[in-house]
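Here is a short report for a reader new to this structure. Look over the sequence and the model before reading on.

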Amino acid sequence: MAPFSIVTGATGFVGTHLVRALLGKGHRVACLVRPGPNLKRLDGLDVERLEGDIFSVERHRERIAAADYVFHVAGVVKALNAAAYDRVNRGGTEAVAGVVPAGSPLKRFVLVSSLAAAGPGVPGRPVREDDPPAPRTAYGRSKRGGEEVLERLGNRFPWSIVRPPAIYGPEDRDVFVFFQWAARGIFPRPGRRDARISVVHVEDVVQAILLAAERPEAVGRTYFAGSARGWTWPEIRSALEGAVGRRLRVLPAPAPLLYAAAVLCELCALITRKPPLISIDKASDVRRRNWECSIDRAKAELGYAPKWDVAEGFKSTYAWCKQRGWL
């Protein structure tokens, strides 16, 4: 019988790509979904829909007990405060993992975490999985909290953790902002010119997730899933210029201006009760000099081999956005 997989966050950016990849590998797939416009992303896909969110997952205990794989992708990247991040990214992981019964046939529980759970590295050295986690933001601490949930479970069931850096690709709405600016001939540079940053195409992230689920070496292990190397802001600008076919005017964001914008956004969030577009935490993040992660462990233990560099990845993504009328 075909493997049976359950995916949380299945209507999100990464979750949708993962569901399609699982179907392509012949899996039977059940998606934990909430009502909303993102449900259309599953239209035409032969999946079982489990209605509810990660905090009502108890009602689907029998289906989860029958699963071969659970891919926990659901989470938040923007929230009003630290408690809101923690509730979903740590508490949600606890809720989903807590439903897996002892003695289930589960082959792997894969948590999609984040480079932010590890924190930035020191200049000149990519962050590695063996480095002590040092998250610097509420988001990063909440994602690290989700990892700790699995680590506490020990041998109750086999698990693996995948930590991507910034993810881009078709259907992304976060890095997409840079494509919107590039279409206007502008490259906004929020960080230091000498910073090094790992970015990764969504297809490479999905590759890492599937390898972490399939390889016996991955049990109880954590992996970074990034690009082959880190990139500087000038290199990212050059890749965007190649994608749009024109020179881009650099619009740097000095630290005082960036932090002032973050304070204003947080004040507005207090009124609107909606997550700020940019927070003080986020402003601090983008000013770090090293957000580069090493993929040596994933390459050695999983056979992970990212297919996209930023030049070709940005070009492909920009073409997709143009074709779909996003730009």
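A salt bridge is a side-chain nitrogen of Lys or Arg within 4 Å of a carboxyl oxygen of Asp or Glu. The model is predicted, so local features need pLDDT of at least 70, side-chain atom pairs count only at pLDDT 80 or more, and totals for chains, interfaces and linings use all residues. Residues are numbered from 1 along each chain as its sequence is written, and side-chain values use heavy atoms, with hydrogens and water left out.

**Salt bridges**

The count comes to 20 salt bridges. Three of them are listed here.

| Pair | Closest N and O atoms |
|---|---|
| Arg196 and Glu292 | 3.2 Å |
| Arg237 and Glu241 | 3.7 Å |
| Arg247 and Glu241 | 3.5 Å |

Arg196 forms a salt bridge with Glu292. This pair links distant parts of the chain, 96 residues apart. Arg196 is in strand 9, and Glu292 is in the loop between strand 14 and helix 11 (296-302). Helices (H or I, at least four residues) and strands (E, at least two) are DSSP runs, numbered from the N terminus.

How covered are these residues? Buried means under 20% relative accessible area, exposed over 50%, and partly exposed in between (1.4 Å probe, protein chains only). Arg196 has 29% relative accessibility, so it counts as partly exposed. Glu292 has 11%, so it counts as buried.

Arg237 and Glu241 are 4 residues apart in helix 8 (residues 233-244), so about one helical turn separates them. Both are buried. Glu241 also pairs with Arg247. Arg247 is exposed, at 65% relative accessible area.

Two strands pair if DSSP finds at least two bridges between them. An open sheet of 3 strands has the order 12-9-14, with mixed pairing. Its edge strands are strand 12 (231-232) and strand 14 (290-291), and each pairs on one side only. Strand 9 (residues 196-197) and strand 12 pair in the antiparallel sense over 2 bridges. Ile197 stands opposite Trp231 in strand 12.

His201 lies in strand 10 (residues 199-201). Is His201 buried or exposed? It is buried, with a relative accessible area of 2%. Contact means heavy atoms within 4.5 Å. Leaving out residues up to four places away in sequence, His201 touches Ile167, Tyr168, Gly169, Pro170, Trp308, Gly313 and Thr317.

Helix 7 covers residues 202-214. Of its 13 residues, 11 are buried, including Val202, Asp204 and Leu210.

Key: The expected span of a helix is 1.5 Å times one less than its number of residues.
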